[in-house]
Amino acid sequence: MSKDRFIESYSQGATNVRKIIVDTETGINYLLASSSLTSGCGLTVLMDKDGKPIITPVKTDK
């Protein structure tokens with residue numbers, strides 16, 4: 001059982017980095033943003049227009 005909990009579903013930029021990270025257990029999408037990964041970054045839940053978390057359907061092995 002070597003499934004990664006978090007996967008990167010989108011990446012943009014080399015210095016001004018934007019990534020979408022998906023939690024494979026809950027399906028919740030997060031945005032990671034940084035102007036330089038060595039000096040800090042921000043992470044937040046991605047929300048839809050109604051203020052609810054964006055959820056990617058996840059496969060269960062049950």
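Strands here are DSSP runs of E with at least two residues, and helices are runs of H or I with at least four, numbered from the N terminus.

Residues are numbered from 1 along each chain as its sequence is written, and side-chain values use heavy atoms, with hydrogens and water left out.

Confidence comes next. pLDDT is the predictor's confidence in each residue, from 0 to 100. The protein chain has a mean pLDDT of 88. Of its residues, 90% reach 70 or more. Confidence is highest in strand β2 (residues 17–23), at a mean of 95. The lowest value belongs to β3, at 90. Where pLDDT is low, predicted coordinates should not be read in detail.

Return to Asn29. Its relative accessible area is 6%, so Asn29 is buried. Buried means under 20% relative accessible area, exposed means over 50%, and partly exposed lies in between (1.4 Å probe, protein chains only). Contact means heavy atoms within 4.5 Å. Not counting residues up to four places away in sequence, Asn29 touches Ile20, Ile21, Val22, Thr44, Val45, Leu46, Ile54, Ile55 and Thr56. A polar atom of the Asn29 side chain also lies 3.0 Å from the backbone oxygen of Gly27. A polar contact is a pair of N or O atoms within 3.5 Å; within protein, one must be able to donate a hydrogen and the other to accept it, and residues adjacent in sequence count only if both atoms are side-chain atoms.

Now move to Thr24. This residue sits in the loop between β2 and β3. Thr24 counts as buried because its relative accessibility is 11%. The side chain of Thr24 reaches the backbone oxygen of Asp4 at 2.9 Å. Leaving aside neighbours within four places in sequence, Thr24 is in contact with Lys3, Asp4, Arg5, Phe6, Ile7 and Val58. Thr24 and Lys3 are 21 residues apart in sequence, yet 8.6 Å apart in space, C-alpha to C-alpha.

Charged pairs follow. Side chains of opposite charge can pair when their charged atoms come close. A salt bridge is a side-chain nitrogen of Lys or Arg within 4 Å of a carboxyl oxygen of Asp or Glu. The whole structure holds three salt bridges.

Arg5 and Asp23 form one of them, at 2.8 Å from N to O. This pair links distant parts of the chain, 18 residues apart: Arg5 is in the segment before β1 (6–12), Asp23 in strand β2. Asp23 is buried at 3%, whereas Arg5 is partly exposed at 36%.

Arg5 also meets Glu25 in a salt bridge, at 3.6 Å from N to O. Here the partners are 20 residues apart, with Glu25 in the loop between β2 and β3. Glu25 is exposed, with a relative accessible area of 57%.

Lys19 and Glu8 meet in a salt bridge too, at 3.2 Å from N to O. Lys19 lies in strand β2 and Glu8 in strand β1, so this pair ties together parts 11 residues apart in sequence. Glu8 counts as partly exposed, at 45% relative accessibility.

Methods: This is a predicted model: local features need pLDDT of at least 70, side-chain atom pairs count only at pLDDT 80 or more; totals for chains, interfaces and linings use all residues.
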